[in-house]
Amino acid sequence: MTNDARSEISLHINGTTHRLTVDNRRTLLDALREDTRHIGSKKGCDFGQCGACTVLVNGRRVVSCLTLAVAAEGAEVITVEGLAVNDELRPVQEAFVRLDGLQCGFCTSGQLCSAVGVLAEHAAGWPSAVTPDLSPDQPHRPLDADEVRERMSGNLCRCGAYPSIVRAVLEAAECEEVNR
Amino acid sequence: MKEFAYSRATAVHDALTSVVGQENARFLAGGTNLVDLMKRGVETPDRLVDVRALPLDGVHEARNGDLVIGATTTNSDAAAHPEIRRRYPALSQAVLAGASGQLRNMATVAGNLLQRTRCAYFADLSSACNKRVPGSGCAAVAGVHHNHAILGASPACVATSPSDMAVPMMLFDAVVHYETLDGKGEIPISRFYRPVGDTPHLETTLPDGALITSVTLPSAAAGERSRYRKVRERASYAFATVSVAADLVVRSGQVREVRIALGGVASHPWRARIAEEELRGGPATPERFRAAAEAELSAAKPLPHNGYKLRLARNLIQSVLTEIVH
């Protein structure tokens, strides 16, 4: 391997800095799972189609399988292991547990990271493809089931736990609205 | 995946210098298309120059009222931007109808304009594909092509552009701004995509080594009532079979101004100028909309398995224009 095919990088994962030398071909997903043992992030399709590898990079949900580790140098990465604050589960994690938002659990870490991103995007006033009126002057509408289904459509669940996932995200959204 | 060198550019000039004379260097932005194709072996760059740290992010209004969308603005930020939602709603609608929330957070506006076809034969190294390997043939013409082009294709290639975003860009007469080491340049989007002909591997008129720096939306083209509608094989997170972006101004029942662009039907977003010409100055009725759509589609050459797109495109044009009137 030639030298310029590798890079020395720092990855900030869940508040901890990891210094690594990576092959430039390394994806963020593989760097998480293989180099830094954050195995909560799952490899489903590895082509950006299933959402199982979803993590938050600089606060936004992305698929880590199409993110090169070297390109994530310097960014703040949050994985499912970093969602809880001081060992307190987030409302959306609690809701997934209580409402059975999973069956086999393989897609769950991606669903959770994606849901955290969805709640932040909605709170920031981002519309979705099913938002009836995109005008920025419209009052803030609470999330409904159609909105959650559309916004979460990048996370596939082969078990078909979708109805419970939608309920869990809606409940977490209500909880966040109350706390706002 | 083949080995490659990686660097991160912080100035446009440095980015341009890093790829000069290197045919096999690529600019990396969101990576949602490029990294995917690298994993499949379709793209085999020696060097990636990451352009996301360049000061090309964000949307602002130019002094002449045009809206300037920086090249590395993410699809999410473009779709959520208040001025785009207000003045060019079809663009927000189209971006939001594309991909998934995660991919929109990664993908950039310039990258979206340059994304490659999703033709399965293009992505499969064992298949013939003139776009991937010029002269190797086209497996889609005699293969699975229910989602392929009906307009502007050639025997060499029947692939479609997968972009939703590019369809309203065509509608709004967007202008692509770029920079090379020789200076700055701009290309109206109507001349940005090349006709397929027998060179489907040459997709745009962007000069070699050029970096897109922004895309501008002319203020004169703004359309508060513009709309984008997309038909796909599932309710969300799928490429268009056919999509329509349209804008229409009606006065006293007559069409004053009309613009129509189609997605999913050609190698690039298709401006329906024949239909527009048919409608301009005439009555704004569903019957006229349908006739104009049929005039546009009279040049279509469907393949054995994608003839359904003709009726779909005609009905979509008619229904979107009718919706805008009401």
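**Sheets, domains and a chain interface**

Visitor: In β5(B), what is the bridge partner of B:Glu61?
Guide: B:Leu67 is the bridge partner of B:Glu61. One thing to keep in mind: this is a predicted model.

Visitor: OK. How do β4(B) and β5 of chain B pair, and over how many bridges?
Guide: β4(B) and β5, residues 67-70 of chain B, pair in the antiparallel sense. The pairing runs over 3 bridges.

Visitor: And what is the strand order of that open sheet in chain B?
Guide: The order is β4-β5-β8-β6-β7. That makes an open sheet of 5 strands with antiparallel pairing. Its edge strands are β4 (59-61) and β7 (183-188) of chain B, and each pairs on one side only. On average, neighbouring strands are turned by 25° against each other, direction ignored.

Visitor: Let's zoom out. How is chain B divided?
Guide: Into domain 1 (5-50), domain 2 (59-114 + 161-221) and domain 3 (227-325).

Visitor: How far apart are the C-alpha centres of domain 1 and domain 2 of chain B?
Guide: They lie 19 Å apart. In terms of contacts, 11 residues of domain 1 of chain B touch 10 residues of domain 2 of chain B.

Visitor: How much area is buried between domain 1 and domain 2 of chain B?
Guide: About 870 Å². Carbon and sulfur atoms give 79% of that. In domain 1 of chain B, B:Val12, B:Leu16 and B:Thr32 lose the most area to domain 2 of chain B. Together they make up 50% of what that side buries.

Visitor: Which helix gives the most to that side of domain 1 of chain B?
Guide: Helix α1 of chain B, residues 12-19, with 6 residues.

Visitor: How many salt bridges cross between domain 1 and domain 2 of chain B?
Guide: The rule finds 0 salt bridges there.

Visitor: New topic, the two chains. How many salt bridges are there between chain B and chain A?
Guide: The count between chain B and chain A is 4. Over all chains, the structure holds 36 salt bridges.

Visitor: Which residue of chain A forms a salt bridge with B:Asp77?
Guide: A:Arg60 does, with the closest N and O atoms 2.9 Å apart. B:Asp77 sits in helix α3 (residues 75-80) of chain B, and A:Arg60 sits in strand β4 (residues 60-63) of chain A.

Visitor: What else is there at the interface of chain B and chain A?
Guide: The rule finds 21 residue pairs in polar contact across it, both residues at pLDDT 80 or more. The buried area is about 3,300 Å², and carbon and sulfur atoms give 55% of it. On each side, 40 residues are in contact with the other chain.

Visitor: Which element gives the largest share of the chain B side?
Guide: α6(B), with 5 residues.

Visitor: Back to β4 of chain A. Which open sheet of chain A is it in?
Guide: The one with 5 strands in the order β2-β1-β5-β3-β4, and its pairing is mixed. β4 of chain A is an edge strand, and so is β2 (16-23) of chain A.

Visitor: Which residue of β4(A) stands opposite A:Leu56?
Guide: A:Arg61. Strand β3 of chain A, residues 54-57, and β4(A) pair in the antiparallel sense over 4 bridges.

Visitor: Which helix packs on that sheet?
Guide: Helix α3 of chain A, residues 108-123. It touches β3, β4 and β5 (76-78) of chain A, and its direction makes about 40° with that of β3(A).

Terms used:
Residues numbered from 1 in each chain as written. Chains lettered and ligands numbered in written order. Predicted model: local features only at pLDDT ≥ 70, side-chain atom pairs only at ≥ 80, totals over all residues. Heavy atoms only, no water. Pairing = 2+ DSSP bridges. Helix = DSSP H or I, 4+ residues; strand = E, 2+ residues; numbered from the N terminus. Axes fitted to C-alpha atoms, helices over the stretch in contact; angles between N-to-C directions. Domains from an automatic or database assignment. Contact = heavy atoms within 4.5 Å. Buried area = accessible area lost by both parts, 1.4 Å probe. Salt bridge = Lys/Arg side-chain N within 4 Å of Asp/Glu carboxyl O. Polar contact = N/O pair within 3.5 Å; in protein donor to acceptor, adjacent residues only side chain to side chain.
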